[in-house]
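These are my notebook entries on one structure. I set down what I looked up, topic by topic.

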Amino acid sequence: MEVNEKVAIDHGLKKDEYKKICTLLKRIPNLTELGIFSAMWNEHCSYKSSRLHLKKLPTTGKKVIQGPGENAGVIDIEDGDAIVFKIESHNHPSFIEPYQGAATGVGGIMRDVFTMGARPIANLNSIHFGSPQNKRTKNLLRGVVHGIGGYGNCMGVPTIAGQTSFDSSYNGNILVNAMTLGLVKKNKIFYSKAAGLNKPVIYVGSKTGRDGIHGASMASASFDEKIEEKKPTVQVGDPFTEKLLLEACLELMAGDSIIAIQDMGAAGLTSSSIEMASKGNLGIELNLNKVPCRETKMSPYEIMLSESQERMLIVLENGKEELAKKIFDKWNLDFAVIGKTTKTKNIELFFDNEQVAKIPVNTLVENSPMYDRKWKKSKLPKKIKFEKEVFSNLKIKDILQKVLSNQNICSKEWIWQQYDHTVMGDTIQKPGGDSGVVRVHGTEKAVAATVDSSAVYCWAHPLTGGKQVVAESWRNLISVGATPIAITNCLNFGSPEKEDNMGEFVECVKGIGEASKYLEFPVVSGNVSFYNQTKEVGIKPTPSIGGVGLIKNYKKMITMDFKEINNLVLIIGKTEGHIDQSLFARTILDEKNGPPPEINLFNEKNNGQSLLSLIERDYIKSAHDISLGGLITAVSKMCIKGNKGIKIKRFKSLISEIEYLFSEDQGRYIIEIDPKNLKEVTKILNKNSVHHEELGIIIEKEMIINEKTKVTIDELKSYNTNWLTNFMSS
Amino acid sequence: MKSSVITFPGSNCDRDMHVALKKFGFNNKMVWHNDNELPKSDLVVLPGGFSYGDYLRCGSMASKSKIMQSVINFAKSGGLVMGICNGFQILVESGLVPGVLLRNKYLEFICKNVFVKIKNKNNPYFKNLDKDIFEFHIAHNEGNYFCTGDQLKEIEDNNQVAIYYCNDNGKTDETFNPNGSLKNIAGIFNKEKNVLGMMPHPERMIDKSLSGEDGSLFFKNLINNIK
């Protein structure tokens, strides 16, 4: 096929970009070369619209071993141990084919982690679906959950936490974000930077097929009514092969044969070979006839652009080929020497003894396009004046029932029971808590992880929303007794070519940056997913934040279930009564406007650190942060989990009962303490100037509010546990 | 006491089992599926996981592994062989215990704690345990035990049912059946009671920080019985 502007545009390139390619090459590219450019220059691989803004995120810190730019971020957890982690989106493929889309998302992120030498020890996910009334929602949810489970369960890696939401803005574009944590020794981390000349380039793993060709380009475009035609661009996963690949790679990594290693993810062999060459400032030469292929007569174009899963590219030390081959033979995996590193700084491809492509590596990477897209700043919405009479007509018990059974608050047990969350024998906090927690095998340490997002707040005011998600992640870690260390972000947005959507992106990133800087909670890895829209309708801006923290002695881990009758329950942080954008305002009052709750970073940090010091001194029996649904929702969940009740005191507050119970002011936690420690706890909180108040006392199976409202724990349970199961079986 | 845990391609509870056996005093060896001979063992364990990706049928390809001939011979000579989860599926496929394991009734993977009741303690696995109801953990997609009417009669006549799913009081009706298993069967023996296959994972219940500690009781008792 002859290459011209039209062919370039069909590959998703813009006219200007095609011109730039011709200028850089000083000639017209052939089809294989054009395919390579389109794969490297699409939004998914090049971050061309986002790079400028991502640069502003804080990415360094005392505990950061590796920030963004590698396969995943790496943090120090002391004693020579490190945690490798990252979150990544697989939104577009999951909407087209939910099972395979989600499964390969999980497979891809685990590969990113074990490529660096780390054994995956925990998976998390953040999944977002359209309205429950939308006719596709149920099947998409079922398919995604089966796909995540199908892959993660087979790999034998526990899925320890997650987040699921429903919102009509995802009707035409669901979100599937998968996160993995891996454990590695600090001195055995592997990177993707090639080094040395004439080093053998090795292909290992599955054979290359025609699946997923141009998957990354598909992920960089919007959907229209013809999405069904895109099914062939979705990859097909094989977790069994990935399990073998994991074991084989770790076995090879135990020695000193590997110079560089890179998994073949988005844009397959193209991006993996080019990234290794680019980082090493080298050239790379590949003989495509040597690539193990699953199908006959595959062209160089197809081989380079296939996104077949479970494949790795390795630059080996000379003379280690035999040793490496033996390991991959043992695990029944393909192994082929397909090329070598060169000093030319070009990528050169050969097929049937002919050179089929020759491109300077820097044109594909450093010279890739970068855009300063136009964006629109959003104003802080005006506060809504809620009529107090509206409140007085509402019964607390009725609202509580509606809130606890709301699709975004109800128990997600139907989902996480389908994920193996206990394999590896170190899961000490299962899904359903504030964070999932796994022990660092064979030590006293444990790692906590959480994944969060607040699309509604981000939509109402992106800057505040961006800060809020980071703060919530921080709180979720602290609530289990973990010291927050770093985050990974998955930035799901609409089209960067639209000023509104681009504005949401820019300001959310700014908010994330401000909060992570202030909280010393740096961003060490992440990914951007734009074009989450069908036709003209974009999703609510949904940055997902994955937070990781360390518990030095796992026996000090905190859970949210109320522990003992007669213990006291306190609130940390001030309840101001911010109702705008709360679940209460949106679902009970049907009021969708107004600003999200304000984030006071000073209070966040101070309240969080003070709680950590109380935990350190063993004063805390249970803790839970207050988020969606407000104070009473948080307390209800503690009652349900602990199978105990609470007598809530008549509160001294200027705000109404409803505002007190359902407002979503930030920076707050509920804690349970032994009454004999009240004095000490109060003293420490006062010393740190942390606002706190007594909420009540733990009693047997009933929640009593202000002596008027009484709800049994069984009632609370039935409100909270049935919605999802009923929905999925209806 | 010597134990061996077989690692098949796709096994993923092999390490967990190794950790548990070691914790309760076994001198355990990991054995590769492609080996010819078992090391000298007092107990052989086929661990959980997805051997050969569960392709074809769960456990069927692993049952044809090289090491399995040696495992079968060991079992036939009276040696103790225990298959957990995927290991149970392999035992069924290799004919060491009767029946089959179908897809769970509701077609979903289930990971949760369940209660099981021990019916018969006249065997090396459960002898001397001082309670009948245990809280164990399950994590499987194909644990729905099934066999023919004739087989069931034979199994029951020979006291081959090892454990039943039940509630915390030992009630074994359908409400407490997580996967649709015939008669709530969670595990069975061979006729001689030296081979045990069961879906629950005792190795995930060996520490109070994990799902529970009933697994510890099981392993402590097992090693004492073997001694």
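The entries below go from the whole model to single residues.

**Entry 1: the model**

I noted that this is a predicted model, in which local features need pLDDT of at least 70, side-chain atom pairs count only at pLDDT 80 or more, and totals for chains, interfaces and linings use all residues. Residues are numbered from 1 along each chain as its sequence is written, and chains are lettered from A and ligands numbered from 1 in the order in which they are written. I read ipTM 0.97 and pTM 0.96 for the model.

**Entry 2: chain A as a whole**

I found 26 helices and 28 strands in chain A; helices (H or I, at least four residues) and strands (E, at least two) are DSSP runs, numbered from the N terminus. The radius of gyration of chain A, taken over C-alpha atoms, is 26 Å, close to the 27 Å that the globule rule (2.2 Å times the number of residues to the power 0.38) gives for 730 residues, so chain A is as compact as a globular protein of that length. Its C-alpha trace spans about 85 × 50 × 45 Å along the principal axes.

I then looked up burial: 61% of the 730 residues of chain A count as buried. A residue is buried if 20 or more other C-beta atoms lie within 10 Å of its own, exposed if 12 or fewer, and partly exposed in between, with C-beta atoms placed from the backbone.

**Entry 3: a sheet in chain A**

I traced an open, mixed sheet of seven strands in chain A, in the order S23-S25-S22-S26-S24-S27-S28. Two strands pair if DSSP finds at least two bridges between them. S23 (622-625) and S28 (709-712) of chain A stand at the edges with a single partner strand each, so one side of each has no neighbour in the sheet. The twist from one strand to the next averages 25 degrees; axes are lines fitted to C-alpha atoms, for helices over the stretch in contact, and angles run from 0 to 180 degrees between N-to-C directions.

S23(A) pairs with S25(A) (residues 669-673) in the antiparallel sense over four bridges. There A:Ser622 stands opposite A:Glu672. Helix H22 (residues 601-616) of chain A lies across S22, S23 and S25 of chain A, at about 20 degrees to S25(A).

**Entry 4: A:Leu57**

Is A:Leu57 buried or exposed? I counted 21 C-beta neighbours inside 10 Å, so A:Leu57 is buried. A:Leu57 is in the loop between helix H5 (51-54) and strand S1 (64-66) of chain A. Leaving out residues up to four places away in sequence, A:Leu57 touches A:Val509, A:Ile512, A:Gly513, A:Ser516 and A:Val523; contact means that two C-beta atoms, placed from the backbone, lie within 7 Å. The C-alpha atoms of A:Leu57 and A:Val524 are separated by 9.5 Å, although these residues are 467 apart along the chain.

**Entry 5: chain B and the interface**

In chain B, six of the eight residues of strand S7 (residues 133-140) are buried, so S7(B) is largely enclosed by the rest of the structure. S7(B) pairs with strand S6 (residues 110-118) of chain B in the antiparallel sense over eight bridges, and B:Val114 stands opposite B:Phe136.

Between the chains, 22 residues of chain A are in contact with 23 residues of chain B. On the side of chain A that touches chain B, H10(A) gives the most, with four residues.
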